[in-house]
Amino acid sequence: MAPVSLRSVTKAYGAFEVIHGIDLEIEDGAFVVLVGPSGCGKSTLLRMIAGLETISHGEVEIDGEVMNDVPPKHRDIAMVFQNYALYPHMTVAQNMGFSLRLAKVPAAEAAEKIRASASILGLTDLLDRYPRQLSGGQRQRVAMGRAIVRNPKVFLFDEPLSNLDAALRMQMRVEIAELHQKLGTTMIYVTHDQVEAMTLATKIAVVNKGTLEQVATPVRLYERPQNLFVARFIGSPQMNILPARLAGVSEAHLADGSVIALRQPAALGDGASLSVGIRPEALLLSTDGPLGGRVTLTEHLGGLTLIHIALTDGTPVVLQAVGAPTVAMGDVVRLRIDPAGLHLFDPDGRRIAAPNES
Amino acid sequence: MLSSWRAQLLITRIALYIASALIVVWSVAPFLWQVSTSFQEDRLLSSPTPNFLPWPGTLDHFYNIFVEKQFHLYIVNSAIVAGLTTLFCLTIGGGAAFALARLRVYYHFGILALILSVSMFPQIAIVAPLYLAASSLGLMNTYTILVIIYLSLGLPLVIWVLFGYFQTIPREIDEAAIIDGAGPLRLLVSVILPMSLPGFVTTGLLAFIMAWNEFMFALAFTSGVERQTIPVGIANFTNLYYVPWGDLAAASVVVTLPLVLLVLAFQRWIIQGLTQGAVKE
């Protein structure tokens, strides 16, 4: 168990910089998820913490110790890979015990540690099997067992669930969350799946093009996205983003001419352009709403329904309703906006904070 | 109509069996004839019509080669030379292939091409210079010179095949082992080697067979029964006036057997799918 801190961490391949100076504080016992689109540098960042990639500039500190020049095996970390990376010629027990064998842990002690880890993960009956005899979920569990058997200071996960099918992914997600509760160890987890990020993290770091867009708790990230990128990336279905122009200080005019009343005055001048972001669940069907449009598609998800609507100028928006409202394709509807799910962004994509917002 | 595709299927299958049988006959027949020859009396061997069956059989030829021609001494020489060649080929080749495949080596394809070009020298062209080098180094008529030469002939193939094998092993396996605390040597021995065992077995066998059967260099660099290898020993059987076909056949049978046994023994290692289950494909 240990805190991890990154200070102005930079990665460059020759003159080509892929990570542009990242600062990140990870508290002891935190579950931090690095999330971002593919190619954003999140895996590179994780591999730099693991010691599999060199650090061009800046410092990585684990448990108060600068790790830049420390080889992976002395960083006291364990890593779980997307494709499991099990040793195919070793049994489950040998896979889990490989690091102990290399560390010359006495056989009896190692066997005890393997047994304890196996029982945490429900692998006790599989200890003598080979990886090829296991299912995908079991293999990933062995990969986790190999990590926890060493009782490391930090767990690193590199997209561990991406190779599993949907049902298994959900089950393993729960298991990882439970594992974190049981062990209380610092975990750093990389994924491109924002649902995994939202459900697992105590803190999410949104990475984009080698920089941190925002670091916050899942709820805060959802309720107060600091910029358009985070607003679009977090939340499913995506936040509706509509271009608008400020009229006075408390009205926004959309491209189709409709007017949205703002509860708080925006800190921009009259006539300034801005983006209005509306969460799908903050769009409500209402006979006297300020927005109008035509239903183009409805998707019934059971408890929820997604209604795709084209506004009068054709701009598509998505509305998420509870239950199954009776609208059909082609219906003309009016929409109002729940102010709690309304976000304003300035022309640079930065959040325009309401005055009472902290 | 229904029976027409069945008939076609049957014909295809029969054709396949006939083709397989022809290939088997083609490859095994010379060896079987050799075996048969080794058991035939000289009288039969020199008769105008060849005999396919060794009847009446005799063990004279085997008695000749072992008792009168000390054939076992050549076998010992060959076993030592081929064994050492295989051992060094696999250790040096394995290490080299690992370095080329996994470490940050610049121009590794250039190096691989260079290694391959070594095996393209016409061997007859390098016998004379090597002879001079060996004699000035005092290595004539030693196991050392043969092992050195066979090593340089065998290494290109070993390195190329193992390089290919190592390339197919996912990097994440290396990284997992590195995080588990393995250094490069431990990674090679405990993880990469067991995962590429089929490659090691195959190339090891090829290197062994190459060294076991090589004639020209062995003839040039050795000069007595204490160092000469099997092919040279067999060539010694023939003299100016007489070709002892029966003894030659007996010797060939004796030296082919170890190779057949080796391949059979290692057959179970030459299996596919050893990496199955390591990673998600």
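This is a predicted model: local features need pLDDT of at least 70, side-chain atom pairs count only at pLDDT 80 or more; totals for chains, interfaces and linings use all residues.
Student: In which helix of chain B is I148(B) found?
Tutor: Residues are numbered from 1 along each chain as its sequence is written, while chains are lettered from A and ligands numbered from 1 in the order in which they are written. Helices (H or I, at least four residues) and strands (E, at least two) are DSSP runs, numbered from the N terminus. On that numbering, I148(B) sits in helix 7 of chain B.

Student: Why is I148(B) classed as partly exposed?
Tutor: A residue is buried if 20 or more other C-beta atoms lie within 10 Å of its own, exposed if 12 or fewer, and partly exposed in between, with C-beta atoms placed from the backbone. I148(B) is partly exposed because its number of other C-beta atoms within 10 Å is 18.

Student: And P50(B), is that one buried or exposed?
Tutor: P50(B) lies in the loop between helix 2 and helix 3 (60-68) of chain B. Its C-alpha atom is 35 Å from that of L205(B), 155 residues apart along the chain. With 11 C-beta neighbours inside 10 Å, P50(B) counts as exposed.

Student: Which residues does I188(A) touch?
Tutor: Contact means that the C-beta atoms of two residues, placed from the backbone, lie within 7 Å. Leave out residues up to four places away in sequence, and I188(A) touches V4(A), I26(A), V32(A), L34(A), L46(A), I49(A), V154(A) and L156(A).

Student: What about the two chains: which elements of chain A give two or more residues to the side that touches chain B?
Tutor: The interface puts 25 residues of chain A in contact with 21 residues of chain B. Two elements of chain A reach that mark: strand 6 (77-80) and helix 2 (92-102).

Student: How do the residues on that side of chain A divide by class?
Tutor: Ala, Val, Leu, Ile, Met, Phe, Trp, Tyr, Cys and Pro count as nonpolar, Asp, Glu, Lys and Arg as charged, and the others, Gly among them, as polar. The side of chain A that touches chain B divides into 18 nonpolar, 5 polar and 2 charged.

Student: Helix 2 of chain A came up there. How many of its 11 residues are buried?
Tutor: The buried ones include V92(A), M96(A) and F98(A). They pack against helix 3 (107-121) and helix 4 (136-148) of chain A. Helix 2 of chain A is largely enclosed by the rest of the structure, because its buried residues number 8.

Student: How many Å separate the centres of the two domains of chain A?
Tutor: Domain bounds come from an automatic or database domain assignment, which for chain A gives domain 1 (4-232) and domain 2 (237-345). Across the boundary, 5 residues of domain 1 of chain A are in contact with 7 residues of domain 2 of chain A. Taken over C-alpha atoms, the separation of their centres is 38 Å.

Student: In chain B, which helix supplies the largest share of the side of domain 1 that touches domain 2?
Tutor: The assignment for chain B gives domain 1 (2-58) and domain 2 (68-269). There, 8 residues of domain 1 of chain B are in contact with 7 residues of domain 2 of chain B. Helix 1 (2-38) and helix 2 of chain B each supply at least two residues of that side of domain 1. The largest share, 5 residues, comes from helix 1 of chain B.

Student: Where in chain B is the pLDDT below 50?
Tutor: The mean pLDDT of chain B is 88, and 95% of its residues reach 70 or more. Still, there's a stretch with pLDDT below 50, which has 15 contacts in the model beyond near neighbours in sequence: residues 273-277 of chain B.

Student: What ipTM does the model score?
Tutor: There are two scores to quote. The pTM is 0.83, and the ipTM is 0.85.

Conventions. pLDDT is the predictor's confidence in each residue, from 0 to 100.
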